[in-house]
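Try each task before you read its solution.

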Amino acid sequence: MFLSTNGTKIYYDDEGQPSGFPIVLVHGFPLSHEMWASQIEVLKSAYRVVAFDLRGQGRSEVGDGQFTLEFLVDDIIALLDHLKINQAVLCGLSMGGYVSLRAVERNTQRVSGLVLCDTKSEADTNETKLGRAASIRALKRSGVEAYADTFLKGALAPTSLKDRHIVEMAAKMIRQNQALGLCGTLLALAGRTDTTSFLPKIQVPTLILVGEQDTITPPEQSRRMQSLIQDSELHIIPQAGHMTNLENPAIFNTHLLKFLQDHARS
Ligand code: MLT
């Protein structure tokens, strides 16, 4: 289904139990809602599960290609309003975590819990911004297919890179994106705010998950977030790099389900 908001059509799936506690899944860059397939499968018997494509990625439109991370937060709130969801648990991976942290900072009353996967609160360093510029150049020069290969080499753990199923699944999602949408998203990532000063103010139950071999948002950054978010829980996922939910879904889902059983209640 599509929601028209702020000049763009946002694709979303609304699955599971209509009266169940709502969980909103926010995907990472440069993927789509499809990355959550295995989580939707285990959550849908007990929860209402909303998975959507961030503006510029997946099946959502890119519009004119000019947007910031604030627009992505606006889109989540518009989606919650459209679906008449007053409060939800936000579960975001990497970029999805940046968006979720900014969403709870701006709209505290709409978020009842956080699952922060392979993510961080810090804004981009100068070095990272230069990396974004190089990625934009590469996307314009060589296209999305070549970018998918480069991205996956940096994102997946060495053992996952040898697993054809994982590589093909992730590469297929990346290839479905348009270069314009990915370039716009890279600019939005480079221009996002730093949410670190908000971490001690988070009042909702928070689960932090990170792959033990994540080199994009290493476990050290998750440990720092955990030390700043009161009563938060951290688990390091073995045999996983930056895409923990795809690389080790069994362990990822066990922690996710346990956290929701403990905390996601109306
Ligand atoms: C992601 O997985 O969403 C990206 O790697 C995040 C980033 O590049 O900062």
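The expected span of a helix is 1.5 Å times one less than its number of residues. Keep in mind that this is a predicted model.

**Exercise 1.** Work out what span helix α6 (residues 164-175) should have, and check it against its end C-alpha atoms.

*Solution.* Start with the count: α6 has 12 residues. At 1.5 Å a residue, that calls for a span of 16 Å. Now look at the ends: the end C-alpha atoms of α6 sit 16 Å apart, so the two agree.

**Exercise 2.** Find which residues of α6 are buried, and say what covers them.

*Solution.* Buried means under 20% relative accessible area. In α6, Ile166, Ala170, Ala171, Met173 and Ile174 pass that test. They take up an arc of only 160° around the axis, so they lie on the same side of α6. The cover over these buried residues includes α4 (126-155), α5 (158-161) and α9 (244-247).

**Exercise 3.** Look at the start of α6 and find what a side-chain oxygen of Asp163 reaches.

*Solution.* Follow that oxygen to the backbone nitrogen of His165: it comes to within 3.0 Å.

**Exercise 4.** Describe the surroundings of Thr185.

*Solution.* First place Thr185: it belongs to helix α7 (residues 179-190). Next, its relative accessible area is 0%, so Thr185 is buried. Its side chain reaches the backbone oxygen of Gly181 at 2.7 Å. Finally, leaving out residues up to four places away in sequence, Thr185 touches Phe29, Arg55, Gly56, Gln57, Phe67 and Met95.

Notes
Residues numbered from 1 in each chain as written. Predicted model: local features only at pLDDT ≥ 70, side-chain atom pairs only at ≥ 80, totals over all residues. Heavy atoms only, no water. Helix = DSSP H or I, 4+ residues; strand = E, 2+ residues; numbered from the N terminus. Buried < 20%, exposed > 50% of the residue type's maximum accessible area, 1.4 Å probe, protein only. Arc of directions from axis to C-beta. Contact = heavy atoms within 4.5 Å. Polar contact = N/O pair within 3.5 Å; in protein donor to acceptor, adjacent residues only side chain to side chain.
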